[in-house]
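Please read the following report alongside the sequence and the coordinates.

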Amino acid sequence: DFQEIKTELNDTPKTEVFACPVCYEPLIRKGPPGMNLPAIYRSGFKCSKCNKSFTSKDVFLDLTVTSGMKEYSELKPARTELFRSPLVSFLYERGWRQNFNRSGFPGRDEEFQMAQDYFKPVAGGILVDVSCGSGLFSRKFASSGAYSAVIALDFSENMLRQCYDYIRQEETPMNTNLALVRADISRLPFASCSIDAIHAGAAIHCWPSPSNAIAEISRVLKPGGVFVATTFLSTPTNSGPFSIDALRPLRQIVGPVNSSYNFFTEGELKDLCISCGLVNYSSKVQRSFIMFSGQKP
């Protein structure tokens, strides 16, 4: 498929932001320049410090620490492994995500516009859509033309394959500055202070360690960079008795009621952002839906 696509070479050094997930050194790239899918597919990446190589032979660039390993395998918590399933990846935009409306999620178009409003100060920069899933928002960010490059990043191989399938069907974004990258949210493959905008749609409740993840997000954001995320607020329905503030500290003793996800109060989300070095916290709430934002000082 890539051979049938006319690659638009975009020789802009500022888009070469990938770093080794082991040592965070910038990767040396061999191949055509540019952040679009065909150019990255035809490129090889290597760390000059630890000598680890990375390729995008499976339509996405695998920048996980375990990339290329032959014997070792590693399982993540159930809430992470669930989205690596081919069935869940297939169903995500075919009914799964639409059910979020019941909790107050406004829907793809309105959520996208809300995020765009937060990202206005960093328009023209590089945006990373972490835990992008099937690229529900990545494709809209790329098609908007508001960013010099969009990186759709997820840990699930099948979600990234599904994202690629949607891109092929839509045709338009294929030659835009859009890259598909497999990476761990707690070990982002970017140099410190290299990214302008980071979006995480309905994701933080699935992360193994939200504090490690947001600390990483804070590390890679440029000064003035913006982080925007949506999630479900803690309610009696999804958190049981631990939705009551006085009982929430008991979660560490008793364990989460729902073994698949972690849900938080707005106070916890604000505390998490501020503790990880973000400022100008802001939020919008609709029933159990919340969109919140922080900025790198």
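The report goes through the sheets, then individual residues, the pockets and the cysteines.

The model is predicted, and local features are therefore described only at pLDDT of at least 70 and side-chain atom pairs only at pLDDT 80 or more, whereas totals for chains, interfaces and linings use all residues. Residues are numbered from 1 along each chain as its sequence is written, and side-chain values use heavy atoms, with hydrogens and water left out.

## Sheets

Helices and strands are DSSP runs numbered from the N terminus, a helix being H or I with at least four residues and a strand being E with at least two. Two strands are taken to pair if DSSP finds at least two bridges between them. Strands of a sheet pair through backbone hydrogen bonds, either parallel or antiparallel.

Eight strands make up an open sheet of mixed pairing, in the order E4-E7-E6-E5-E8-E9-E11-E10. At its edges stand strand E4 (61-62) and strand E10 (279-286), each of which pairs on one side only. An open sheet is also formed by three strands in the order E1-E2-E3, with antiparallel pairing. Here strand E1 (27-30) and strand E3 (53-54) are the edge strands, and because each has a single partner strand, one side of each is left without a neighbour in the sheet.

| Strand pair | Sense | Bridges | Residue pair |
|---|---|---|---|
| E1 and E2 (residues 44-47) | antiparallel | four | Leu27 and Cys47 |
| E5 and E6 | parallel | five | Ile126 and Ala149 |
| E8 (residues 195-200) and E9 | parallel | five | His199 and Val228 |
| E10 and E11 (residues 289-295) | antiparallel | six | Gln286 and Phe289 |

## Burial of strands and residues

In what follows, buried means under 20% relative accessible area, exposed means over 50%, and partly exposed lies in between, with a 1.4 Å probe and protein chains only. Five of the five residues of strand E5 (residues 126-130) are buried, so this strand is largely enclosed by the rest of the structure. The cover extends to both faces of E5, with Ile126, Val128 and Val130 buried on one side and Leu127 and Asp129 buried on the other.

Strand E9 is likewise largely enclosed by the rest of the structure, because nine of its twelve residues are buried. Thr231 lies in E9, which spans residues 221-232, and Thr231 counts as buried at 1% relative accessibility. The side chain of Thr231 is joined to that of His205 by a polar contact of 2.8 Å, a polar contact being a pair of N or O atoms within 3.5 Å in which, within protein, one must be able to donate a hydrogen and the other to accept it, and residues adjacent in sequence count only if both atoms are side-chain atoms.

Ser85, found in the loop between H2 and H3, is partly exposed, with a relative accessible area of 24%. Although Ser85 and Glu157 are 72 residues apart in sequence, their C-alpha atoms are 8.9 Å apart in space.

## Pockets

A pocket is an open set of points on a 1 Å grid over the protein atoms alone, where a 1.4 Å probe fits and protein lies on both sides within 12 Å along at least five of seven lines; lining residues have an atom within 4 Å of a point. Grid points are joined across faces, edges and corners, and a volume is the space filled by probe spheres set on the points.

The largest pocket holds about 600 Å³ of space. Its lining comprises 37 residues, with Phe83, Ser131, Ala202, Ala203 and Cys206 lying nearest its centre. Helix H2 (78-81), helix H3 (86-96) and strand E6 (149-154) are the elements that give two or more residues to this lining. Cys206 is buried, with a relative accessible area of 11%.

The second largest pocket has a volume of about 310 Å³. It is lined by 17 residues, and the closest to its centre are Thr64, Thr66, Ser67, Phe155 and Arg182.

## Cysteines

How many disulfides does a search of the whole structure find? The search finds zero, a disulfide being a pair of cysteine sulfur atoms within 2.5 Å. For Cys50, which is in no disulfide, the nearest cysteine sulfur is that of Cys20, 3.5 Å away. Cys50 is partly exposed, with a relative accessible area of 35%.
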